[in-house]
Amino acid sequence: MLVPIFTLKLNHKINTRMLTIGCYDGQHPCLTAATTAGKVFIHNAHNRGIASGRMSVSGENSDISLLNIQQAVSAVSAGKLDPTSNCDSLLVGTQTNLLAYDVINNSDLFYKDTPDGVNAVVVGSLGTVEMPLAVVGGNCAIQGFDLEGNDVFWTVTGDNVCSLALCDFTNDGKMELIVGSEDYDIRVFQDDEIIAEMTETEAITLLCPMMHSRFGYALANGTVGVYDRTARYWRIKSKNQAIAIHAFDLDSDGVPELITGWSNGKIDARSDRTGEVIFKDNFSVSLAGIVEGDYRMDGKTELICCAVDGEVRGYLPASRDLKGNLMDTNTEQDAVRELSQRKQNLLLELKNYEENARAAQSNRPSGLGGMDTGQMGIIPANTQLQTSLTVDPGDEKHPPHVELFVATTNETILRTALIFAEGIFEGESHVVHPNVNNLSSELKVPITPPKDVPVDLHIKAFVGMKGSTQFHVFEITRQLPRFSMYIPCAKLPQEPQGTVTFTVQERVQRVVLWINQNFLLTDEWPAGAPLHFQVVSLRGTGALVIHMEGNGQVTIKTDDMDLAGEVIQSMAVFLGIEDLQVTSDFPGYMEELKNILIKVDEFSSVRQKLTAEMADHSNLIRSMVVRAEDARILADWKNMRKYYMELFDLNRDLINGYKIRCNNHTELLSCLKLVNQAIQRAGRLRVGRPKTIVVNACREAFKTHNIDALFKIMKVGAT
């Protein structure tokens, strides 16, 4: 196994997921991390710390400089914002601002307000944008700032951004932006257009580019894996949480492995193709982050792992004689152990087959404890497993659900059924154990998908006779359609008010085919013009009506704007539509949005007023401190007491004002999130270029407080 080539004790606590490395002078790599009390430390192992501007030298280590942010740091990154310089810039994000800092010159490159907060930062080239950008993910919004602090890129996503990565997803030589968010989706942006979406089972906390179009990801539930474009290569799940992931070629085979740092202090390196562990090590406390750099300045790039207590370890890749086989001895031992276990399993299986064969030939007790053929698990050769899916509207005792029906084709019984499905069951699996006294050849399993996404149900059923102690395992896969929680309804309880209208160059039969594939219907919907299809949601979001004339005009009626967007996106993929402009009208939702925008204006004005009051209080406090100190020096105890009492009252008012400002900012953030989600919903009603135009136009209208234009853009797609 590899051992660290260097270890450091920085004597500073490091916040998890807030570690980066940058060459701020163009030569020496410096570890940079956020610590408590709104500070960022910069460790330069080759120069003494800098003390000027925002920075001070740590009293414990002269090679550590401290950068005072005076706010809770939420993200840290480093990279080249200036293409003409070799020096990296330091990016520090908080929930209200983004600071771009020139470390070597101790000066701010820019300091920008970020109303949507900063949850993640990544620096690099994005698509067709010529200048490098600092891309910031926040409250449902993504912004890109250039070297001057100009906001040159903006788009929205479905929920709060958790992680960002730049990766050549399309293998075209240009970087795409991969975004992980709290709504369990990984979205890929080519410039400001979404070109791919992958749904996971939890919030995507970490992303990292690997090789070509491959990238690693980690979820909040301890899952770690690798995607190649939209295809998942592998994934593993741990009871611990992944704190950091990084791509690094540790075994010198030319292909980077996925390095993962865990909350229990473990580090492991896994093959990018199989997920097999090829290296592992342990810290005594949780990992804080993983980076790479030539930290010893000897021309060799090390993998650098940092723990939350400030311990740092650097690892070099394996030597050429260990190429591709890093854990030689351990691999051999594991292989022998695995093969031995497999041999025992196969011998036991062979023994069972032989006993079953003898029992079947003699049709008498086999002599093994008096077990008969039924106990041995022998079943008819023509036994098959059948499945079906139906929608159950529910009743007073049972909520609405999709019912999975599993049955055998003869008198055999189902002893147990295991169902694996992503995002439906807690832990992704569900086991059904029928009562021993009530065994039968069929099982009914209620399924309640929380979102409108297609899901593969992997079913494993144990089949045998009633007296069997051994069972045959039948495996079958069944797909749950995207819109399975909807039931056809001849007469709607209430006509939807929201409408979306557009025209497609397709026959009605093609849309009917899409309906039959994506909805769970008892009988196939008949093809014929005009098409009128109406269903009711079992989640309580109302009715959905799809009407299509013979000339290709489609009208979708629903009060759920998200549902309309899902229908349009699914239909566009099925029909191969690249660009689609629509006209929409959601009066109820627009009224809600109007009230939200009024609240945004109110919170913004209150924020400005509170900021001005705090500035006035600060000036008064400065003058009061001077007066109190003058009175103290002059031994004027009466006035000194008076001034300090006034100072105490002012300070109390200042603290109360800050609390009010914090609450106001929280409310403002929640309202801005709803506005960004409204823009995202308006975008999802369109496909391709019209979608990008709508998102950008909505943003401009919102920035200029042109509410009428904002509503018109959402309705017709243009001003």
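**Notebook: cores, sheets and domains**

I began with the largest nonpolar core, which holds 60 residues, and among these Val500, Phe502, Trp514, Phe519, Val567 and Met714 touch the most other members. For my notes, a nonpolar core is a set of buried Ala, Val, Leu, Ile, Met, Phe, Trp, Tyr and Cys residues joined through side-chain atoms within 4.5 Å, and buried means under 20% relative accessible area, with exposed over 50% and partly exposed in between (1.4 Å probe, protein chains only). I looked up which helix gives the most to this core, and it is α3 (residues 561-575), with eight residues. I also noted a second, separate core of 27 residues, which includes Val402, Ile424, Leu443 and Val463.

I kept in mind that this is a predicted model, in which local features need pLDDT of at least 70 and side-chain atom pairs count only at pLDDT 80 or more, while totals for chains, interfaces and linings use all residues. Residues are numbered from 1 along each chain as its sequence is written, and side-chain values use heavy atoms, with hydrogens and water left out.

I then listed the contacts of Val500 (heavy atoms within 4.5 Å). Leaving aside residues up to four places away in sequence, Val500 touches, among others, Ile556, Ala564, Ile568, Phe586 and Leu685.

Next I turned to the strands, where helices (H or I, at least four residues) and strands (E, at least two) are DSSP runs numbered from the N terminus, and two strands pair if DSSP finds at least two bridges between them. Strand β2 (residues 19-23) is mostly covered, as four of its five residues are buried. Five bridges join β2 to the antiparallel strand β3 (residues 29-35), and Ile21 has Leu31 as its bridge partner in β3. Five residues lie between the strands of this hairpin, in which Gly26 takes a positive phi near 85°.

I followed an open sheet of four strands in the order β15-β16-β17-β18, paired antiparallel. Its edge strands, β15 (161-167) and β18 (193-199), each pair on one side only. Six bridges join β17 (residues 185-190) to β18, and Arg187 has Glu197 as its bridge partner in β18.

Finally I checked the domains, whose bounds come from an automatic or database domain assignment. The centres of domain 3 (321-351) and domain 6 (587-716) are 62 Å apart, taken over C-alpha atoms. An unreviewed UniProt entry annotates residues 689-715 as "domain: BBS2 C-terminal helix bundle", and I noted that such annotations may be inferred rather than shown by experiment. Over residues 689-715 I found the chain to be 89% helix and 0% strand, with the end C-alpha atoms 16 Å apart.
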